[in-house]
Amino acid sequence: MSTLLPFHRSILQQIHDPASNDLLVLARGLGLRRIICTLMKIYDSPKNLVLLVNATPEEESAIGEELGIMGCKRPGLRVVSYETPSKDRQTLYKQGGIVSVTSRILVVDMLQSDIPIELITGLLVLHAEKVTALVLEAFIVRLYREKNRQGFVKAFTDQPEHIMSGYSPLKNIMTVLQIRNVHIYPRFHDEIKKSLERRRADAVELSQNLTESMSDIHHAIVQCMNSTLSELKRSNTKLDLDDFNVENAYFRSFEIIVRRQLDSVWHRVGPRTKQLVNDLGTLRRLLYYLLTYDPLQFHSYLETLIAANTVSASGAQRQHQSPWMLTDAAHVIFQTAKRRCFTISALPAQTTNKDPIVIDLADDEDAWDALDEIEGGGGGSRDKGKGKEKEQEKDAGGEERPGWLPRGMDPVLEELPKWNLLSDVLLEIEGEMVRQENLRKPGSKPVNESNNIVLIMTSSSRTCNLLTQFLDTMDHDAAPGMKGRKMMMRRLSKYLWWKQQGEKGQGGGASGSGSGNRNADGDG
C-alpha cells in the first residue's frame, strides 16, 4: 500500500470490512481503480470467492494488469466470457479467488445452481450509477441474498453527476443493492485536498477555435436544438419544462433529465413527443461528434441518420420522421459536413455519357493497404497490383490524384484544428527535451530517465486510436491543416469502398455507407 495516497488508505479502512456493505461515490480521476485493485488484493485467496460484476472488457484488462503488477498472479483476476463452457465455469468458481463475470452469465449460473451462492465471499459492483430496479445487477443481488446473508456487497462509482437527478436516485441505488453505508468523497473533501495540494501540477490551458465550417455546423445544431425544445414545450404544456434550455443540453445527463421529467406521463405521450426526446439526444451527440470525429466519420454518421429517418428497420417508409431534419438548419449541417470531406465538380461533356464510374483499386498500393486494414488481411490483396505501374492523374492544380479517386471529386479533408495544436505542443516538448539534454554537463547522470515520456490523455479509446493513426502518419513539414493528409486520404479510400459496397448490396447509398463506415472506422 506504499503507492496509495493518504485518502486512499482512509477509504480502504472504511470499506474493507467484510461484515459491511458499502457504496463508494468518488469524484472522477481520483484513483478509483487503484482502490478497487487494493481491495481485491486483500481477498485474493483460494479460500475466498469474490465476483467482479458490471466491468467492461477494457476495465477487466486494466484491473488484471494492475493486479499483476501488485503481485496477484496466482491465480489473480480470471475472466468468465461467453466462450467459457458451463463445466469450466463451475470448476473456476470452486477454485475460489477473484472472478470477473458478466451479469447475464452470472444470472444464468445462479438460476441453474452452477455457482455455489452460499460460498460467495462478496460481490464488487462497478458503475453503481447505472443500477436500477430493472437491471440484471439488481436481480443478482436478490438471488445472492436469498441464499447468502453473510457475504458482502460493495458498489463503486466515479460518476456522481448521474445520481444527481430524478427522485431519490442515491436511495434507490442503495435499496436495490441492499446497502446501508455510503461514503461520498468529492474533490473538495478535506483529506483529498490535503493529499493533492502536497504536489501541485503546473497546468497550462490552451484553447483552439473552430474552423469556419465547424462553426457553421455548430450554430446550425444549436438552432435545431432550440426548435426541438420549443416543439417539445408546445406539445406538453402541462409539464414544467421551463428549465430546459440549450445551455443544459451540452451535458450528457440532459436527455436523462428530460426523460425523467416525462416519466410520469410517458405512457400517455404520443409518438411525436417520444421522437422529440430522442432527437434531443441525437443532436447532443452531434455536438460531441463534431469535436471528436474526423470529417469523414462525422459525414458518415449523418448519412446513417438520414437513412434511418427515411426507412424503418423493416424497410417500410418511416411514419414519424424527425422534424429537425426538415429545417433549413439541418440542410446547412448536411451540406457543410459534406463540403468538409470533398466537393463534386461537373464532369466534361464527353465523359457524362460514359458508363458509371467504378472505383478501381487494383493499381494503387495505398488503397490496397487501406482495404487490407478493413478486411484484416496480411497484404495479399496488394499482390494484384504488383508489376503494374501506378497511373496517377493530375487535378486542375497540378497535384497527383490516386487512381481510385472518382473523376469530378476533389478531396477537401478538413482536419480537426486541435490536431495541429497537438503537433505544435509535441514539437515544443521535443525542443524542451533537447534543450535540457544540452544543458546537462558531460558525464553527469540524467536526473530522471523517464522524463522523455509524453502522456496524451483522451476521452475515449476511439479518439486514442484516431490520434495514434494521426501521429504515426503525420507529415511534420506540411502546412497547418495538412499534416494528417496521408491518414485522411486512406480514410477517404475506405469510405468510397464501403460506399460502393453498400450500393451494390442494398441499392441505396446512404444506408450502405452508414453501416460500412461504422465497420471501416471501428478502429478510430
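View 1. The model is predicted: local features need pLDDT of at least 70, side-chain atom pairs count only at pLDDT 80 or more, and totals for chains, interfaces and linings use all residues. Residues are numbered from 1 along each chain as its sequence is written, and side-chain values use heavy atoms, without hydrogens and water. A pocket is an open set of points on a 1 Å grid over the protein atoms alone, where a 1.4 Å probe fits, with protein on both sides within 12 Å along at least five of seven lines. Volume is the space filled by probe spheres set on the points, joined across faces, edges and corners.

**View 2. The lining of the second largest pocket has 26 residues.** Lining residues have an atom within 4 Å of a point. Lys418, Leu422, Ile456, Met457 and Leu467 lie nearest the centre. α16 (417-439) gives the most, 8 residues. Helices are DSSP runs of H or I, at least four residues; strands are E, at least two; both are numbered from the N terminus. The lining divides into 18 nonpolar, 7 polar and 1 charged.

**View 3. The largest pocket has a volume of about 1600 Å³.** Of its 37 lining residues, Arg33, Glu59, His127, Gln159 and Ser459 are closest to the centre. α2 (32-42), α3 (57-69), β6 (152-157) and α17 (461-473) each supply at least two lining residues.

Key: Ala, Val, Leu, Ile, Met, Phe, Trp, Tyr, Cys and Pro count as nonpolar, Asp, Glu, Lys and Arg as charged, and the others, Gly among them, as polar.
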